[in-house]
Amino acid sequence: MFRHQPQPGCHRCDARHPGGKVTRLLPHHRYVCLRHRTWIGPPDADRPSADLSELPAVVDAQRRHLRLLSRRGWAATYDAVLTASSFCGHIWDTVRPPEDPRHVAYTWDARARVLVPDGDESAAFYAYSTSAVYPEAVSLAVIIASPHWRRLASGNILDGLRFCAEISRRVSYPYDDKPELGDAIAHGAIADSWRPPSAPTNTYSPARVSGVLPPLHRAQARRHEQSALWFSRNRKAGSPLLRHLHIRPVIDRAWAPKYERTEGAIWHSKQTDPQFLAWDARRRAEERT
């Protein structure tokens with residue numbers, strides 16, 4: 001139930017502990033400190049926790065996340081929230097927002113401007129990129145974790161349409177009019193909905209009792225700066241979100257083809273072309289035998 005390594009927690013909770021930096025081993029379902037309204041979700045860089053006082057929807061999403069946990073258990077909840085986050089990442093990465101101000105891309109952009117002000121991208125971007133889509137990710141996770149909706153997603157055409165309609169009620173979908181760009185939600189319904197939840201790639205070892213934060217390697221720092229630069233130009237964090245380390249278990253699933261680079265796994269996670277459908281049919285036949 002715990003993340004694979006220690007990380008910073010809520011800076012206001014940690015202020016009670018003298019003697020230097022405090023690290024915590026947090027469970028997968030803790031993204032927000034409800035007491036102090038701060039973001040403690042999984043970061044890729046050691047940054048201070050974000051203040052969510054202006055974003056009550058993100059705080060409320062943590063409460064809904066915990067209710068989902070109590071109903072479905074930690075394994076299904078873990079997979080559902082990460083799967084939904086990957087859907088949001090694909091949407092944010094590929095969508096061209098229409099004029100309709102209710103489109104979810106405008107909502108994410110507004111949250112991002114609160115969390116990552118213009119001109120402060122390099123200092124604040126990576127640690128908080130997940131929080132902008134968190135409310136919608138939890139809303140989608142409710143149906144992704146539901147056995148009823150998973151059966152509909154992998155059922156006949158009418159059942160699939162009901163599943164897509166429910167997705168549309170919770171987030172803007174269909175999210176792109178160019179089928180060659182792929183559809184991650186359709187991919188998930190075809191390939192993943194009928195399989196068991198994906199587990200974390202790594203687990204925490206009790207032998208690691210030092211609690212020392214892992215250093216930010218030069219390559220990681222370079223990717224961080226590059227992603228922040230692109231975000232400063234287009235204000236879309238979908239692509240970096242899909243490359244976030246904690247999303248990897250649902251991008252590179254146990255039953256998906258193995259790619260040497262993350263880009264290949266991301267590309268495959270949204271494929272619904274005839275070649276993919278033939279591959280999935282073969283895999284289903286293998287599962288039945």
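Does Gln271 count as buried or exposed, and at what relative accessibility?

1. Gln271 counts as buried, because its relative accessibility is 8% and the cut-off for buried is under 20%. Bear in mind that this is a predicted model.

2. As for where Gln271 sits, look in the loop between α13 (262-268) and α14 (274-288). Its side chain reaches back to the backbone oxygen of Trp267, at 3.0 Å. Leaving aside residues up to four places away in sequence, Gln271 touches His187 and Phe276.

3. Now the aromatics. Searching the whole structure turns up 5 aromatic pairs. One of them is Tyr31 with Tyr134: the ring centres are 4.9 Å apart and the planes are at 10 degrees, so this pair is stacked. Tyr31 comes from the loop between α1 (11-14) and β1 (32-33) and Tyr134 from helix α6 (residues 134-144), so the pair ties together parts 103 residues apart in sequence.

4. Both tyrosines are out of the solvent's way by the numbers: Tyr31 is buried at a relative accessible area of 3%, and Tyr134 is buried at 1%. Tyr134 also pairs with Trp39, with ring centres 5.4 Å apart and planes at 75 degrees, so here the arrangement is edge-to-face. This pair, too, links distant parts of the chain, with Trp39 in strand β2 (residues 38-39) and Tyr134 in helix α6, 95 residues apart. Trp39 is buried, as is Tyr134.

5. Put together, Tyr31, Trp39 and Tyr134 make up one aromatic cluster. Have a look at Arg3 as well: Arg3 lies over the face of Tyr31, 5.4 Å from the ring centre.

Terms used
Residues numbered from 1 in each chain as written. Predicted model: local features only at pLDDT ≥ 70, side-chain atom pairs only at ≥ 80, totals over all residues. Heavy atoms only, no water. Helix = DSSP H or I, 4+ residues; strand = E, 2+ residues; numbered from the N terminus. Buried < 20%, exposed > 50% of the residue type's maximum accessible area, 1.4 Å probe, protein only. Polar contact = N/O pair within 3.5 Å; in protein donor to acceptor, adjacent residues only side chain to side chain. Contact = heavy atoms within 4.5 Å. Phe/Tyr/Trp six-rings, centres within 6.5 Å; stacked < 30°, edge-to-face > 60°. Lys NZ or Arg CZ within 6 Å of the ring centre and 35° of its normal.
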